[in-house]
Amino acid sequence: DDVASLAKMAEALDDLQDAEPSVRNVIHQSSLRWIFVGGKGGVGKTTCSCSIAVLLSRVREKVLIISTDPAHNISDSLQQKFTSSPTKVNGFDNLFAMEIDSKLSDSTEIPDDLAEPGEVMANTNYSSLY
């Protein structure tokens, strides 16, 4: 019955609205290989990406955060200079970062040992890595 289906959907939406916002399900979802963070300028993409990367590093073997933002803000956020090669983030054994020029991304390669399924995180600024 359509009315019953609509009532169930409305009830499910009400339940979702009461749910506490959390990234816990993202952090503990082992099937995720890529996480893309995007949005307009000034909405907190870099802050969210770096925070997610740090949280992921607590539960994953290896994490790679990639930025194509020309402003190179992850270097500022993580207080370390990054290039187009994966570089270990100071203070972490399993967190790596790289900042690439999105116009040159065809020539940028992610090493196989950092590109295993479920172990990579990406922060892209309006463009895809593919």
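Reader: Why is Cys 50 called buried?

Author: Buried means under 20% relative accessible area, exposed over 50%, and partly exposed in between (1.4 Å probe, protein chains only). Cys 50 has a relative accessible area of 7%, so Cys 50 is buried. Please keep in mind that this is a predicted model, in which local features need pLDDT of at least 70, side-chain atom pairs count only at pLDDT 80 or more, and totals for chains, interfaces and linings use all residues. Residues are numbered from 1 along each chain as its sequence is written, and side-chain values use heavy atoms, with hydrogens and water left out.

Reader: What makes Cys 48 partly exposed?

Author: Its relative accessibility is 40%, and therefore Cys 48 counts as partly exposed.

Reader: How do you know that Cys 50 is too far from Cys 48 for a bond?

Author: A disulfide is a pair of cysteine sulfur atoms within 2.5 Å. The closest cysteine sulfur to that of Cys 50 is in Cys 48, 9.7 Å away, so the two are too far apart for a bond. The count by this rule is 0 disulfides.

Reader: Why does Lys 81 count as exposed?

Author: Because its relative accessibility is 58%, Lys 81 counts as exposed. Lys 81 sits in the loop between α4 (73-77) and β2 (87-88); helices (H or I, at least four residues) and strands (E, at least two) are DSSP runs, numbered from the N terminus.

Reader: What makes strand β3 mostly covered?

Author: In β3 (residues 95-99), 5 of its 5 residues are buried. Leu 95, Ala 97 and Glu 99 lie on one side and Phe 96 and Met 98 on the other. In a regular strand the side chains alternate between the two faces of the sheet.

Reader: How do you know that β3 pairs with β1 and with β2?

Author: Two strands pair if DSSP finds at least two bridges between them. Strand β1 (residues 63-67) and β3 have 5 bridges in the parallel sense, while β2 and β3 have 2 in the antiparallel sense. Ser 67 has Glu 99 as its bridge partner in β3, and Lys 88 has Phe 96.

Reader: Which residues have the most contacts inside the largest nonpolar core?

Author: A nonpolar core is a set of buried Ala, Val, Leu, Ile, Met, Phe, Trp, Tyr and Cys residues joined through side-chain atoms within 4.5 Å. The largest has 15 residues, and those with the most contacts inside it include Leu 56, Phe 82 and Ala 97. Its largest share, 4 residues, comes from α3.
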